[in-house]
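I am keeping notes on one structure, entry by entry. Each entry says what I looked up and what I found.

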Amino acid sequence: MRVELLAARRAHRARTLSVIASDLIGPSTVGTGAAVATAMVIEPVLAGRRAILFGRADAPHTLTHVPDLAAAMLHAARRAEHLTGAAGDAVLNAPAAPARTQRELIAEVSRLVGASARRPIPIPRAALSLLAPFNTFARELHGISGLWYGPCVQVPGRLEREEVLVATSWEDAVGATVRAAQGARDTGAVSVAP
């Protein structure tokens, strides 16, 4: 469906521009249940529980810091005519730090909260398949499971190479998300996902 949508969009005379991100991380992902890394690793570790491992622990996976995505979208909107060129259409990758593994994410979050990194609870792919008809979150995870069982690495695109946008470092993005989750937990302002 996405391929058809992009083809139809290119055929239209309207100027179109998309900024693509990988899985999201950042303060605004806390308590939403919508960002896998935050809901499955950061929030459980912060709550003193084991991380929930979705996919392979050692597969590299790019995470896009939401403020970097927002900055990329604003930049792209301001420079839309230049970025779309004569074609009037462009699909751009948001800046993102180099991909790291879930094992590294668990270790970093544990370090930041002063806890020992504990072995995560793995979710078998078959379990998601069985739960998908009954649970929205399981259905969504099952639909994107291929992205977590193998490498999912977003390469730097034009916004980084030509427009010189710089991604927040992986460590800073994780740290900002952990601090936001700690603040939400301490103030009760946002409910931290189970």
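**Entry 1: a histidine**

In which helix is His75 found? I found His75 in helix H3; helices (H or I, at least four residues) and strands (E, at least two) are DSSP runs, numbered from the N terminus. I note that this is a predicted model, where local features need pLDDT of at least 70 and side-chain atom pairs count only at pLDDT 80 or more, while totals for chains, interfaces and linings use all residues. Residues are numbered from 1 along each chain as its sequence is written, and side-chain values use heavy atoms, with hydrogens and water left out.

I looked up the accessibility of His75 next. His75 counts as buried, at 17% relative accessibility. Buried means under 20% relative accessible area, exposed over 50%, and partly exposed in between (1.4 Å probe, protein chains only).

Leaving out residues up to four places away in sequence, His75 touches Leu159, Glu163 and Leu165. Contact here means heavy atoms within 4.5 Å. His75 and Glu163 are 88 residues apart in sequence, and their C-alpha atoms are 8.9 Å apart in space.

**Entry 2: Glu163 and its neighbour**

I stayed with Glu163 and checked for charge pairing. Side chains of opposite charge can pair when their charged atoms come close. Glu163 and Arg79 meet in a salt bridge through their side chains, at 2.7 Å from N to O. The rule for a salt bridge is a side-chain nitrogen of Lys or Arg within 4 Å of a carboxyl oxygen of Asp or Glu.

Which parts does this pair tie together? Glu163 lies in the loop between helix H8 (158-161) and helix H9 (170-187), and Arg79 in the loop between helix H3 (66-78) and helix H4 (80-84), so the pair ties together parts that are 84 residues apart in sequence. Glu163 is buried at 11% relative accessibility, and Arg79 is partly exposed at 33%.

Val164 is also in the loop between H8 and H9. I noted its backbone, since most residues other than glycine have a negative phi. Val164 is not a glycine, yet has a positive phi of about 60°. Val164 counts as exposed, at 59% relative accessibility.

**Entry 3: the other salt bridges**

How many salt bridges are there by this rule? I read a count of six. One of them joins Glu108 to Arg111, with the closest N and O atoms 2.9 Å apart. Both lie in helix H5 (residues 102-112), three residues apart, about one turn of the helix. An α-helix has 3.6 residues a turn, so residues three or four places apart point the same way. Glu108 is buried at 12% relative accessibility, whereas Arg111 is exposed at 54%.

Asp58 and Arg56 also meet in a salt bridge, 3.1 Å from N to O. Asp58 is partly exposed at 43%, and Arg56 is partly exposed at 36%. I also found a network of salt bridges that links Arg100, Glu104 and Glu171.

**Entry 4: the nonpolar cores**

In soluble globular proteins, nonpolar side chains tend to be buried together. I looked for nonpolar cores, meaning sets of buried Ala, Val, Leu, Ile, Met, Phe, Trp, Tyr and Cys residues joined through side-chain atoms within 4.5 Å. The largest one has 19 residues, and Leu105, Val109 and Val174 have the most contacts inside it. Helix H2 (36-46), H5 and H9 each supply at least two of its residues. H9 gives the largest share, six residues.

Leu105 touches Ala37, Val41, Leu63, Trp170 and Val174, not counting residues up to four places away in sequence. A second, separate core has nine residues, including Ala72 and Leu83.

Which elements do the buried residues of H9 pack against? I found strand E2 (23-25), H2, strand E4 (63-65) and H5. Among the buried residues of H9 are Trp170, Val174 and Ala181.

**Entry 5: the whole chain**

The chain has nine helices and six strands. Buried residues make up 41% of its 194 residues. The C-alpha trace spans about 55 × 35 × 30 Å along its principal axes.

I checked confidence last. The mean pLDDT (the predictor's confidence in each residue, from 0 to 100) is 90 for the chain, and 96% of its residues reach 70 or more. Over residues 190-194 pLDDT stays under 50. Where pLDDT is low, the predicted coordinates should not be read in detail.
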